[in-house]
Amino acid sequence: MVVPDKRVTIDEIVGEIRDGMTVGVGGWGSRRKPMSLIRALMRSPATDLTIVSYGGPDVGLLCRAGKVTRVVYAFVSLDSIPLEPHFRNARQSGAVEATELDEGMFLLGLQAAAWRVPFLPTRAGLGSDVLRANPSLRTVTSPYGNPPEVLVAMPALELDVALVHMHRGDQGGNGQYLNVDPYFDDLMCMAAKRRFMSVERIVPTEDLLAEGPLQSLRINRLMVDGVVETPNGAHFTECPPDYARDEAFQRAYAATAKSDDEWDVFRRRFLDVSEAEYQAAIR
Amino acid sequence: MTAKDAATRAEVCVVAVAEAFRGDGEILANPIGTIPMIGGRLAKATFEPALVMTDGEAMLVENILPVGVTDPKQQPAKVVGAWNPYRAMFDIVWNGPRHVMMGATQIDRYGNQNIAMLGSLERPTVQLLGFRGAPGNTINDKTSYWVPNHSPKTFVAAVDVVSGIGYDRARALGPLASRFHCLPRVVSNLGAFDFETPDSAMRLRSVHPGVSVAAVVAATGFELVIGATVATTRLPTDEELRWIREVIDPTSLREQEVPNA
């Protein structure tokens with residue numbers, strides 16, 4: 001076996017995240033988020049972060065913990081709870097700055113970074129207040145056609161660190177998803193300088209295709225610098241077929257947005273604790 | 001039909017939504033929200049059988065599924081025609097064969113839509129969903145809207161933030177950039193609306209049964225184009241009511257979204 005051993009610990013991963021970095025988070029809304037890594041990041045000293053995410057509770061938690069200066073997003077949602085309450089509080093109090101984009105522009109920004117080009121052109125955004133909300137966005141005139149078409153030049157969303165969660169992986173960083181949607185986790189990895197993947201289970205490389213079809217091998221080890229096994233690591237977001245969203249826990253999390261006291265209780269019990277203690281506390 | 005079986009306001013809305021997809025043929029009908037999904041599936045079940053629709057997640061399914069049933073054991077087997085993860089959905093959005101129906105927290109006279117936030121961009125008083133896909137939808141695909149709570153706060157003179165672009169903004173972009181822009185329909189709990197006017201201002205297309213034109217005008221924060229005679233939104237047929245009540249929405253989620261008037 002020649003697959004390199006890139007296994008790392010959760011603490012080694014978040015130890016690479018320094019003040020002021022831009023961190024991309026995989027998943028979508030409240031689906032297959034690398035929550036064990038997000039919780040570890042909340043416990044770390046890192047601050048002044050820019051978070052780039054198809055946003056869910058990853059964004060809400062980090063905003064609530066005061067880790068975030070800017071959020072780059074097209075939405076922040078808990079899916080079954082449409083509006084993420086902690087993120088709302090952070091936006092409405094002015095605690096975080098926003099780079100609010102169209103969902104497709106966001107995809108093209110990641111794709112541009114992954115392909116190492118400065119921008120990708122798109123019609124999305126023309127005429128809308130996405131351009132007013134982001135005065136640094138520019139348009140580009142096509143070199144072809146008469147008259148030439150003017151398009152939005154979506155700049156590359158370059159990341160310092162990417163954090164993603166997959167169902168299975170091997171020690172070399174090959175990653176596999178077993179639900180219906182790969183989301184944009186591969187683009188997150190390719191857009192980042194340092195790429196870390198948590199997985200439900202690390203399996204021998206030769207067993208990956210016993211877990212799922214060829215097409216489920218979405219992340220290859222060229223995209224990953226470190227891998228860690230975190231069973232139930234996406235909790236409380238959904239990670240089917242391994243587990244569904246913990247809706248009761250998510251409701252309890254959302255309810256803590258109403259009062260500092262409730263947040264403090266939640267934080268002491270579930271966030272100021274190790275991953276092992278967290279997993280024991282939610283049983 | 002007996003009086004007991006008379007169509008509810010929600011069911012009239014479902015039919016008005018379905019009518020928005022009439023004539024679409026073989027494109028992705030992508031209604032977002034409860035009554036839009038019921039209406040889209042009704043259109044596919046009846047007069048627009050070639051429509052392509054999602055299961056609400058990453059599959060394009062050919063059979064008519066009930067809304068609000070997420071437990072696979074409670075749900076009829078999905079007849080899956082294609083895989084449609086988010087990345088493939090963006091391909092369809094940008095390729096074009098799609099008619100999306102979105103919600104609107106605010107909508108104005110030319111169909112500018114806001115779902116992002118209330119107040120200022122820098123510091124909103126109310127942070128809503130964000131732009132989501134509205135800018136890309138409206139510049140690439142047919143986009144209709146569903147507003148379950150028609151009032152001067154939802155049908156406004158000017159939206160706080162433009163997520164989905166209206167006809168005035170499309171016109172300002174010029175014919176090349178705006179060539180795919182099309183807002184076929186707006187459906188609210190009070191009536192149906194379109195932009196089939198000389199300057200593409202919103203027109204009252206029909207009032208739902210039991211709603212007066214004056215009530216619509218009073219609930220609208222801008223001047224609607226209103227013809228000499230205004231049609232009444234048609235009632236569901238018996239067949240449509242069977243599809244709605246027995247197949248598509250057996251738990252009556254529609255009545256929670258629009259209480260019967």
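## Burial and a residue in between

A residue is buried if 20 or more other C-beta atoms lie within 10 Å of its own, exposed if 12 or fewer, and partly exposed in between. B:Ser252 has 13 C-beta neighbours inside 10 Å, so B:Ser252 counts as partly exposed. The model is predicted. B:Ser252 sits in the loop that links α7 (238-248) and α8 (253-257) of chain B. Its phi is positive, about 60°, although B:Ser252 is not a glycine.

As background, most residues other than glycine have a negative phi.

## Chain A: overall form

Chain A has 283 residues, and a compact globule of that length would have a radius of gyration near 19 Å. Chain A has 19 Å, so the value agrees with the globule rule. Along the principal axes, the C-alpha atoms fill a box of roughly 65 × 55 × 30 Å. Buried residues make up 49% of the chain.

The secondary structure of chain A comprises 11 helices and 11 strands. Take the contacts between residues at least 6 apart in sequence: in chain A, 74% of them join residues at least 24 apart. The chain is divided into two parts: domain 1 (10-101 + 157-278) and domain 2 (119-155). The C-alpha centres of these domains of chain A lie 31 Å apart.

Helix α3 (residues 57-64) of chain A is mostly covered. Eight of its eight residues are buried. They are A:Pro57, A:Asp58, A:Val59, A:Gly60, A:Leu61, A:Leu62, A:Cys63 and A:Arg64. Just after α3(A), A:Gly66 takes a positive phi of about 75°.

Which helix packs against α3 of chain A, and at what angle? The partner is helix α4 (residues 85-92) of chain A, at about 50°, with the two axes 7 Å apart. That angle makes α3(A) oblique to α4(A). The crossing of α3(A) past α4(A) is left-handed. On the α3(A) side, the contact uses A:Val59, A:Gly60, A:Leu61, A:Cys63 and A:Arg64. They meet A:His86, A:Phe87 and A:Ala90 in α4(A). A:Cys63 and A:Arg64 are also among the buried residues of α3(A).

## Chain A: cis peptide bonds

Most peptide bonds are trans. Where does chain A hold a cis bond with omega near 0°? That bond runs from A:Asn146 to A:Pro147. A:Pro147 is in the loop between β6 (138-141) and β7 (150-155) of chain A.

Another cis bond runs from A:His235 to A:Phe236, with omega near 10°. A:Phe236 is found in the loop between β11 (226-229) and α9 (247-255) of chain A.

## Chain B: overall form

Chain B has 261 residues. A compact globule of that length would have a radius of gyration near 18 Å, and chain B agrees with its 18 Å. The C-alpha trace spans about 45 × 45 × 35 Å along its principal axes. Of the residues of chain B, 50% count as buried.

How many helices and strands are there in chain B? There are eight helices and 14 strands. Among contacts in chain B between residues at least 6 apart in sequence, 67% join residues at least 24 apart.

## Chain B: the α1 and α2 pair

Helix α1 (residues 9-20) of chain B packs on helix α2 (residues 34-45) of chain B. The angle is about 60°, and the axes are 7 Å apart. α1(B) and α2(B) are therefore oblique to each other. The crossing of α1(B) past α2(B) is right-handed.

The α1(B) side of the contact is made by B:Ala10, B:Cys13, B:Val14, B:Val17 and B:Ala18. The α2(B) side is made by B:Ile35, B:Pro36, B:Ile38, B:Gly39, B:Gly40, B:Leu42 and B:Ala43.

Conventions:
Residues numbered from 1 in each chain as written. Chains lettered and ligands numbered in written order. Predicted model: local features only at pLDDT ≥ 70, side-chain atom pairs only at ≥ 80, totals over all residues. Domains from an automatic or database assignment. Helix = DSSP H or I, 4+ residues; strand = E, 2+ residues; numbered from the N terminus. Rg over C-alpha atoms; globule rule 2.2 N^0.38 Å. Contact = placed C-beta atoms within 7 Å. Axes fitted to C-alpha atoms, helices over the stretch in contact; angles between N-to-C directions. Parallel < 35°, antiparallel > 145°, perpendicular 65-115°, else oblique. Left-handed = near helix turned anticlockwise from the far one by under 90°.
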